[in-house]
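Hi,

Here is the model I promised to pass on. Have a look at it first, and my notes on what turned up follow below.

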Amino acid sequence: MSRVVNRLANMNKTTRSSVFTYALVVGAFVILQLLRMTTGLGSVLEGQLIPICAYVTMALALNLVVGVSGELSLGHAGFMSIGAFLGCAAANGLAELIPFTPVRLGVAMVIGAALAGFFGFLIGIPVLRLNGDYLAIVTLAFGEIIKSVLTNTYLAVDKKGLHFSFLTDKNALEEGGLQLIRGPMGVMNTQRISTFTVGFVLVVITLVVIFNLVNSRTGRAIMAARDNRIAAESVGISVTKYKMIAFVTSAALAGAAGTLYGCSQTTFVATKFDFNTSILILVFVVLGGLGNMWGSVIAAAALTILPEALRQFADYRMLVYAIVLILVMLATNNPAIWGFFARLRERREEKKGGAAQ
Amino acid sequence: MNSKKFLAFAMAAAMTLSMTACGGSGSGAASSGTDSAAGTAFKLGGTGPLTGGASIYGLAAQRGAQIAVDEINAQGGAIQFDLKYEDDQHDPEKAVNAYNALKEWGMQISLGSVTSQPGISTSALSQEDGIFALTPSASSPDVIAGKDNVYQMCFSDPNQGLASAQYIAEQQLGEKIFIIWKSDDNYSTGIKDKFMAEADKLGLNVVGNATFTTDSQNDFNVQLTQAKQAEADLLFLPIYYEPASLILSQAKAMGYAPKFFGVDGMDGILTMKNFDPALAEGVMLLTPFNADDEDEATQSFVKKYQEKYGETPIQFAADAYDCVYAYKLALETAGCTPDMSAADLNAKMKETFPTITFTGLTGDGAGITWDATGAVSKSPKGMVIQNGAYAGMD
């Protein structure tokens, strides 16, 4: 035991942070599962488990762009909606082909991630060559465009194959046909196939992808490009390429999170994934700390639960929510609290120093 | 910590505390005034948008239901209700949370959701959990499709389109019809699709249609110019009353004066703040409820609503009011008691609702009935606005 503690103490900072994040996620999963099997969590929390997993994944994905690669994306909900709509359409369309739901959900997530990643790539080609806040502007527009396009898309499947029409529903379906995307009425799932376990697995996969990317040669190149573009270029790093890697990875993860979210709902519409949702995810990232993955996990989970936990305040709920947000921001930036932690650390260092003597 | 920051901190803390205090009393008011012990009153729950852009509908339904519950509890009969509304912000995801919160509270029978999209989410859960739901105003057919314990008090969207087309054809209201509809709205799309299909059958001449979305509902000059160029003499507006009010004033500004025909979402236009009722002169609409109706029940409801909330009730309030009384009738008919479980009540209500005939504020005098799918059968009232008030149209 003491050896483990020693190794933890001697680890470098990044490894310690990764281990802590994995431990946090796995620990939370185990505790929640135990509670679910014994006393139960209560309907409200139970119903929120899958959305929390989706939002945690979204926050981690956005943190890769905002925190690690230093670009700002204001349209991540757009990637989420691509994953949600197309992933769920795939899941519903494949219902007969793949009856085993976890596999079907997995396939749907891969499709959702691939398509979202593809759109991320398309956006990245022109924008990531530029130096400045252009990504924020373009992703903002992208989010709005995707919302409009999906609101006017009609997709259906029957024995003859896929039917697609735009603006008005012109799909003539045979008997037994299934509407996958119904324009302004969004998607209606015949069954909700997402489970908490799948959500947990997605979060862990996201963490593995992000930590391995960040702590690799590629990750260091991404951060070098973030910290000083000119210096990075001068040592031969292709800034566009590395920013692209971070952005496409992030878009793909957001797509997978979207599929997870979509398949957990009976119905959802494109207007759900609007600018406000993008900003909400950005709030998770900022509150958790830029580049700080465990911070994103905690912030996403806490801020998803908080509005529901405040239900007893009735009409004042969102007001209290805002005040709590401000308090957290003040508290985390408070020199007195930082000083307290710094003193703790100092004391520990002293102890360690004393033991070594 | 410098003094300024400390002050900010203290102020924020003080605000949170005071909000907590206010919130406490606020939530007390939101649920029923009579705090009855478990087993003496039926726990009736519903979700609706009590905050955000769609909150007028949620608040209207909550208030309408509250008035009915207060009346019933004041009479002190065997059937007593404990009403609780939770906010769903017109979002299916939040509606699931709101529904789950009600379930934790111990909801026995449900008023479903006020709006359609959240209604689809919560009705699926109602079906899974076996909690009976009667929704006042979630009008999409998807709300009741495939569920045997979810009932509607309002017309379904396609029925409104159907009734409107038939009404226009029967009364020969227009030669050339133009439709302005909201393309990102379930309600508007549902009505418009059915209207177009039925208009085709009846040989109505629909000369065109134009769309708008939530983001573009601040200007209708383009759509109105299109209608004018198509020489339409009847504008069909299957939309809610706020965009409709803007259409009316912009049409007047450009000197275009066709006839206007609306559906039940148009109800409420006369009570809208800063709206000149003269603009709505001659507007026709189909609605199940008319706040100016002469009959005693309507007048008493409107009076109570005005006294309590300072505004004239819209049809959402009347639908919710009717829902509570329909529950009362059904519970009495089935002989249910408040100590029964949600599952027992679910079974009883499923048996009872298709058999009862209910007379309420909405629908005409013939009474309201339901079939086993949960769809309601009642006739809409054709209204025309004359001198700033509704008048029956026949």
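B:S183 sits in the loop between β6 (177–182) and α7 of chain B; helices (H or I, at least four residues) and strands (E, at least two) are DSSP runs, numbered from the N terminus. B:S183 counts as buried because it has 21 C-beta neighbours inside 10 Å. The cut-offs there are 20 or more other C-beta atoms within 10 Å for buried, 12 or fewer for exposed, and partly exposed in between, with C-beta atoms placed from the backbone. Leaving aside neighbours within four places in sequence, B:S183 is in contact with A:T151, A:N152, A:P184, B:T189, B:T211 and B:T213. Contact means that the C-beta atoms of two residues, placed from the backbone, lie within 7 Å. B:P380, by comparison, is 197 residues from B:S183 in sequence and 24 Å away in space, C-alpha to C-alpha.

Before you go further: this is a predicted model, where local features need pLDDT of at least 70 and side-chain atom pairs count only at pLDDT 80 or more, while totals for chains, interfaces and linings use all residues. Residues are numbered from 1 along each chain as its sequence is written, and chains are lettered from A and ligands numbered from 1 in the order in which they are written.

Now the contact between the chains. Chain A puts in 36 residues and chain B 35. On the chain B side, α1 (3–30), α3 (92–105), α4 (116–129) and α7 (186–202) each supply at least two residues. The most comes from α1(B), with 12 residues. By class, that side of chain B has 13 nonpolar, 14 polar and eight charged residues (Ala, Val, Leu, Ile, Met, Phe, Trp, Tyr, Cys and Pro are nonpolar, Asp, Glu, Lys and Arg charged, and the others, Gly among them, polar).

As for chain B overall, it has 12 helices and 14 strands, and buried residues make up 52% of its 394 residues. Of its contacts between residues at least 6 apart in sequence, 68% join residues at least 24 apart.

Over in chain A, there is an open sheet of three strands in the order β2-β1-β3, with antiparallel pairing (two strands pair if DSSP finds at least two bridges between them). β2 (161–166) and β3 (178–182) of chain A are at the edges with a single partner strand each, so one side of each has no neighbour in the sheet. β1 (153–158) and β3 of chain A are joined over four bridges, and A:A156 stands opposite A:Q179 in β3(A). Helix α4 (76–93) of chain A packs on the sheet, touching β1 and β3, and its direction makes about 175 degrees with that of β3(A). For angles, axes are lines fitted to C-alpha atoms, for helices over the stretch in contact, and values run from 0 to 180 degrees between N-to-C directions.

Two chain A helices are worth a look together. The axes of α3(A) and α10(A) come within 9 Å and cross at roughly 170 degrees, which means α3(A) is roughly antiparallel to α10(A) (over 145 degrees counts as roughly antiparallel, under 35 as roughly parallel, 65 to 115 as roughly perpendicular and the rest as oblique). The residues of this contact divide into 18 nonpolar, three polar and no charged.

Finally, α7(A) (196–214) has buried residues including A:F200, A:L207 and A:F211; among the helices covering its buried residues are α3, α5 and α10 of chain A.

Cheers
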